[in-house]
Amino acid sequence: MRMYDIIVKKRDGYPLAKAEIDFFVHGYANGEIPDYQASALLMAIYFQGMDDEESAHLTMAMARSGDMLDLSEIDGVKVDKHSSGGVGDKTTLCLIPLVASCGVPIPKMSGRGLGHTGGTIDKLEAIEGFNVEMTKEQFIRQVNDIGLAIIGQSENLAPADKKLYSLRDVTATVNSIPLIASSIMSKKIASGADKIVLDVKVGSGAFMKDVNSARKLAKTMVEIGKNVGKETVALLTNMDEPLGFAIGNALEVKEAILALKGEGPKDLTELMLELGAHMVVLGEKADSLEEAKAMLKTNIENGKALQYFKRLVEAQGGNAEVIDTLSFKEATYQIDVFAKEAGYVAEIAADELGRASMLLGAGRRTKDDVIDLSVGLYLHKKVGDRVTKGEVLCTIHANDENIRHIKKIIENSIQISVEKKGKPLIIDVIK
Ligand code: URA
């Protein structure tokens, strides 16, 4: 087999066979296929696309390029959740104890990542002492003992995807639906999930800016799941405005704890219940979404969900007292941004607030940047809320006094109009 012929075949619009996809992925991961040929194939895929079968083969080839976590020693159906990423998205933090409290085992592997804030693993490190590293045996034992565990992604998880992603990043081929879908699904499958719930974000603060592309991405991932025998459900959810009020690591952990206490923002609570209900049904702990939602609500009200979060924090060496006290390390300066006119909040540009949060130091620009866990933004208003002139719209939590540029970004990102507007949070469910 020759890489040249594979490039020609895809360039001319023909589907690749499994053996050709395997040859490419293994060859590139092992350094036998040079960057220039891999780049040519990626660009051909970018223009010609891939059908569902090709996407499934690409997914499995990348998943098998490294460790495939075997979670068969954990009883029950293991349901994983993935978000395509959004501003203020702390859902995983509250979702995993909540779903575990309904009896679905949660062995969660999560990433750090680049962006406006840290990933779930970085956020959890805002809890003093929380340890995200353990052996596979300890990980499995903890899930069997207390129902849930969370660790950082292993270095050797889908290494072919890691290498290809870096190449896509510099060859303008990131934004291809089959490539994004197989990249995400390869990591979920290598992490040992039996079934998968996806939160595909749509809007200014998301990878996918419009509903049609997001729906296409969601359908591709659901089909990959079907093709590889892992039932997958995808929710399309709005990311035109940030999720909840908090953006920033410690601020988001605090908000997630409030959500587990039944005191969280309306949108975060709705998303947590919706994703959670699908996870509980896929995990075979309820027969319908209504039944699952009732179980989730009960466990928020009776404190069981919060108890599971405490167990998780204690088991992983964290200081569980913060769950009651909510006293996280605060940033030195808290600076308010005020409404310049009265009306209704019409728009809160999620992408711009994400950028402001990264400039404050809450996220990484490059993988070696160190995150400041205490900084971020706290919104006091959401889209559709009424505001009076001079009311606080947002508080900036900063460790640097010189933040005029951040204030400007926020002032320009929050639009006020005379009309009340708003979009539904859950746009569609794709199975
Ligand atoms: N997230 C991933 O893991 N892969 C992509 O290609 C895009 C987003």
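Helix α2 (residues 18-29) and helix α4 (residues 52-63) have axes that come within 9 Å and cross at roughly 35 degrees. Welcome to this predicted model, in which local features need pLDDT of at least 70, side-chain atom pairs count only at pLDDT 80 or more, and totals for chains, interfaces and linings use all residues. Residues are numbered from 1 along each chain as its sequence is written, and side-chain values use heavy atoms, with hydrogens and water left out.

- Helices (H or I, at least four residues) and strands (E, at least two) are DSSP runs, numbered from the N terminus.
- Axes are lines fitted to C-alpha atoms, for helices over the stretch in contact, with angles from 0 to 180 degrees between N-to-C directions.
- The crossing of α2 and α4 is right-handed (the near helix is turned clockwise from the far one by less than a right angle).
- On the α2 side, K18, I21, D22, V25 and H26 meet E54, H57, L58, A61 and M62 of α4 (contact means heavy atoms within 4.5 Å).
- These contact residues divide into 5 nonpolar, 2 polar and 3 charged (Ala, Val, Leu, Ile, Met, Phe, Trp, Tyr, Cys and Pro count as nonpolar, Asp, Glu, Lys and Arg as charged, and the others, Gly among them, as polar).

**Aromatic pairs**

- Searching the whole structure turns up 2 aromatic pairs (rings of Phe, Tyr and Trp, the last by its six-membered ring, with centres within 6.5 Å; planes under 30 degrees apart are stacked, over 60 edge-to-face, the rest tilted).
- Y46 and F47 form an edge-to-face pair, because their ring centres are 5.2 Å apart and their planes stand at 85 degrees.
- F245 and Y378 form a tilted pair, with centres 5.9 Å apart and planes at 35 degrees.
- This pair links distant parts of the chain, 133 residues apart: F245 is in the loop between β5 (232-238) and β6 (246-247), and Y378 is in strand β9 (residues 376-379).
- Y46 is partly exposed at 35% relative accessibility, while F47 is exposed at 63% (buried is under 20% relative accessible area, exposed over 50%, partly exposed in between, with a 1.4 Å probe and protein chains only).

**A buried alanine**

- A305 is found in helix α14 (residues 304-315) and is buried, with a relative accessible area of 0%.
- Not counting residues up to four places away in sequence, A305 touches P97, L98, S101, L260, N299 and I300.
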